[in-house]
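Reader: I would like to learn how labels are given to parts of a protein model. Please show me the structure, then take my questions one at a time.

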Amino acid sequence: MTTRVSLTERDCDWLLESSFLAQLPEAEQDAVLAEMSWAEYPPNAVVIEEGERPRSIDLLVEGRVAVAVRTQGGFLRTITEIGPGNLIGERAVIRRTMTMAQVTALSPLLTLSVPAARFMSLLADNPTLLDYGNNLVQVRDRADELLRVMKMNSLLRSLGREALDRLLQTSYLVKGPPRGSRREPLLLATDSAYVVVRGNVRLHGLEDARLSSHPLAVHVQGSLLNHVPIILEQEPHTRLVLTEESEALRVPGAAFRAITRQNPRVLRRLKDEMTSLGWSIGGQLDLTSNVIAIAPAERRMGATTLAYGVAAAVRSEAGLAPVLLDLDGEGTARRLGWACDDDEVGGLAVRRMRVPEGWGISVLWPRDPDDVFALTRALSAVAENIIIATSAQARAHEEVIEQADAVVQFHRGQLSYDVPDRNGQFHVDARLIGGEVGPRTGNSQRNQVRVPLDEATASAFWRDGNLGALLSNNNPLGRACARLGRVLLGQSVGVALGGGGAWGFAHVALLRGLKAAGIPVDYVSGSSFGALVAGLYAAGGMEALDELMRRRARIQTVLLASTISTRPIIHFVDGLIGPMAMEDTEIPFFPVTADLFTSQEVVFDGGKVSDGVRASSSLPPVFPSMPSGTTRLVDGGIINIVPASVVWDAGADFVLASNVIPRTTLTLVDAPRLTQNLPNMTRPLERLSDFIQSAYLLMWRSGIDRGREADYTIDLGMAEHRIHEFAKGDAIVHKALTDVEEHMPHITRAYQSVCALHAVEEVG
């Protein structure tokens, strides 16, 4: 039996505000808690078996699980990972069906569990719980649609996938009156935030007694409403009315506050928005310190070097001096040959390293190793960003890691989930690449940073104490540290490159423009030709794309040969970058394909870069599909022509989408000119041209819709050129550069606005 008191004693009372319990009145919360018991699972334990009668429902309190479904070939495919605050198993219990997925613990797991039979009794005895349960199943069934709508709002999008999943768990779908009914429009309650799903919501003044009169404003799909007074816990200045045939997602105020306040960057944006709107915010949105723990999986990985690089990146990107808590500080000082001083912080004795003035960071550690956690709390009162360099062997550091706001799990290729995942904790998968780094898995779903084995840069740091070397864009380790800093500060950039044949050369112009403007790329996805550009850029940067431009005349021959066999595409890509594995690219690369049998989007996360490009470029009926187990994969443009959602799901904070398909495409071939002496061939060629034009018209429409999931969409449609004119790639790039230059000031402003950027400063 669980009670409110026992939740508070275990620091788990947040569940009452930001889990499904937030939808229930106190009496029904108590009834549900009384049936709950604590359950623990070790890593790799199967919590829910697929195809069985459900045994229980579980509310995740600590840890992470993988949700996997079985493909037609009989293989389990992970479709998502979820963490604290999420409910699992409820759909099968409420619908009285067999379970449809297997749920496996990825880390040590702590849940609150209710036996299925007891939960059914609770549903029968508690009408509000039954109503919520039915609503939750409906929300689950429409999760893809609802997430897509929520991502239309830039503020919600910036919360990230896990936070939106939790908001959905606590939400309730409300509907306006049917069309033609004589019912009054639905006046929405003021204790919740709302997302418009369908139709519109009217905004009226408090003094407007006739809700059918002219509104102050009308909000459409994707709008977020009433969130400002909810965050500030103030009375709203307006009333909201849901009109006929409209639908909105209601998020309880307590849940919305609890989830959004865990994201410092979102708080900064909210603070700016509310100040501009004239709201009195007082100290309710004051930011707390951000404690970041670097947790290496083993010794001698360069974790201390990485920690100093992260500190330099945070100093540069955030514009504030961080504190580096080096738990092996004495050893670091000896290695650098620098002196240390005795000092005191919050009544605790510490040692402080004498670092060069140009560093702009403080380096210290406790004299008594048992004071690590206490010192971290003391530093939280005076520093906004605290980076902790922990040891793989020191068990005393575990409490610090568990309580950190963000944990960087640094490993050689096989991610360990030994670090418990508590509510609100941000995890980064930092993978060492290059050399013999051990067994590797595919891409993590989110927040992955590749750390190249760069002994030259690391040696330069330890030899000269040159912290700037760990932040230089001219070496792999410097780029990795800067990228890791951006991910931790909520400033990472994802670029989605759409498909479109030879038009895709315009993406090269965009990437050149981003480099010239100093806008980084931390994740890249692509469909069709966009996957080719994305894969080459992820593997070899602009140098690989320059080589593509030099070999552009060969592409048409390669594609013609690929109508019979796809080996030429693979050989062509391997000839540009070598047979590089996707796990070894400096920038995580996500090629998108479509599964013909399940009609699902498939994002490649392993194998060679050339394999991912080949699968994403298999446009039927021109090129053969790619066999994968018992299914077949085809061109990603069919299902997601501009894969902005993919880089967002990977963890990108700012998403830039590039669409190259023009609204009005030119014909694939000029049938009358080519067939003037072959009149019998004119009509078939015209039909082929019409077919491909129609397909690309559909893809253009899809690209516009998908672009709404990005923070900025650039339309580089090259209507002057034809889709097959690969030999004219230089002309396409030249034309696109003009468009990119016009867009770049707007892209820069959008990037700075979304990521709340500070001026970059030099670090010595």
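Author: Start with the words helix and strand: both are DSSP runs, numbered from the N terminus, with at least four residues (H or I) for a helix and at least two (E) for a strand. By that rule the chain has 27 helices and 33 strands. The model is predicted, so local features need pLDDT of at least 70, side-chain atom pairs count only at pLDDT 80 or more, and totals for chains, interfaces and linings use all residues. Residues are numbered from 1 along each chain as its sequence is written, and side-chain values use heavy atoms, with hydrogens and water left out.

Reader: What makes Cys-12 buried?

Author: Buried means under 20% relative accessible area, exposed means over 50%, and partly exposed lies in between (1.4 Å probe, protein chains only). Cys-12 has 5%, so Cys-12 is buried. Cys-340 has 16%, so Cys-340 is buried too. Across the chain of 764 residues, buried residues make up 57%.

Reader: How many disulfides does a search of the whole structure find?

Author: The search finds 0. A disulfide is a pair of cysteine sulfur atoms within 2.5 Å.

Reader: What is the burial label of Asn-447, and what makes it so?

Author: The relative accessible area of Asn-447 is 11%, so Asn-447 is buried. Asn-447 is not a glycine, yet its phi is positive, about 55°. It lies in the loop between strand E24 (426-433) and strand E25 (448-452).

Reader: How many aromatic pairs are there?

Author: Rings of Phe, Tyr and Trp (its six-membered ring) pair if their centres lie within 6.5 Å; planes under 30 degrees apart count as stacked, over 60 as edge-to-face, and the rest as tilted. The count comes to 9 aromatic pairs. In one of them, Tyr-308 and Phe-461 have their centres 5.6 Å apart and their planes at 45°, and the pair is tilted.

Reader: Where in the chain are Tyr-308 and Phe-461?

Author: They link distant parts of the chain, 153 residues apart. Tyr-308 is in helix H13 (residues 303-318), and Phe-461 is in helix H17 (residues 455-464). Tyr-308 has 0% relative accessibility, so Tyr-308 counts as buried. Phe-461 also has 0%, so Phe-461 counts as buried.

Reader: Why is the pair of Phe-654 and Tyr-751 called tilted?

Author: The ring centres of Phe-654 and Tyr-751 are 5.5 Å apart and the planes are at 50°, so the pair is tilted. This pair, too, links distant parts of the chain: Phe-654 is in strand E32 (residues 654-659) and Tyr-751 in helix H27 (residues 729-755), 97 residues apart. Phe-654 is buried at 0% relative accessible area. Tyr-751 is buried at 5%.

Reader: Which residues do ring pairs link into a cluster?

Author: The cluster holds Tyr-308, Trp-338, Trp-359, Phe-461 and Trp-462.

Reader: How do you know that the charged end of Arg-335 sits over the ring of Trp-462?

Author: The rule asks for NZ of Lys or CZ of Arg within 6 Å of the ring centre and within 35 degrees of the ring normal. The charged end of Arg-335 is 3.9 Å from the centre of the Trp-462 ring, and sits over that ring. The charged end of Arg-10 sits over the ring of Trp-38, also 3.9 Å from the centre.

Reader: What makes the contact of helix H6 with helix H9?

Author: Contact means heavy atoms within 4.5 Å. The axes of helix H6 (residues 127-141) and helix H9 (residues 161-170) come within 9 Å and cross at roughly 145°. Axes are lines fitted to C-alpha atoms, for helices over the stretch in contact, and angles run from 0 to 180 degrees between N-to-C directions. H6 gives Tyr-132, Leu-136, Val-139 and Arg-140; H9 gives Leu-168, Gln-169 and Thr-170.

Reader: Which residues does Val-355 contact, leaving aside its neighbours within four places in sequence?

Author: They are Trp-338, Ile-361 and Val-363. Val-355 lies in the loop between strand E20 (348-353) and strand E21 (362-366).
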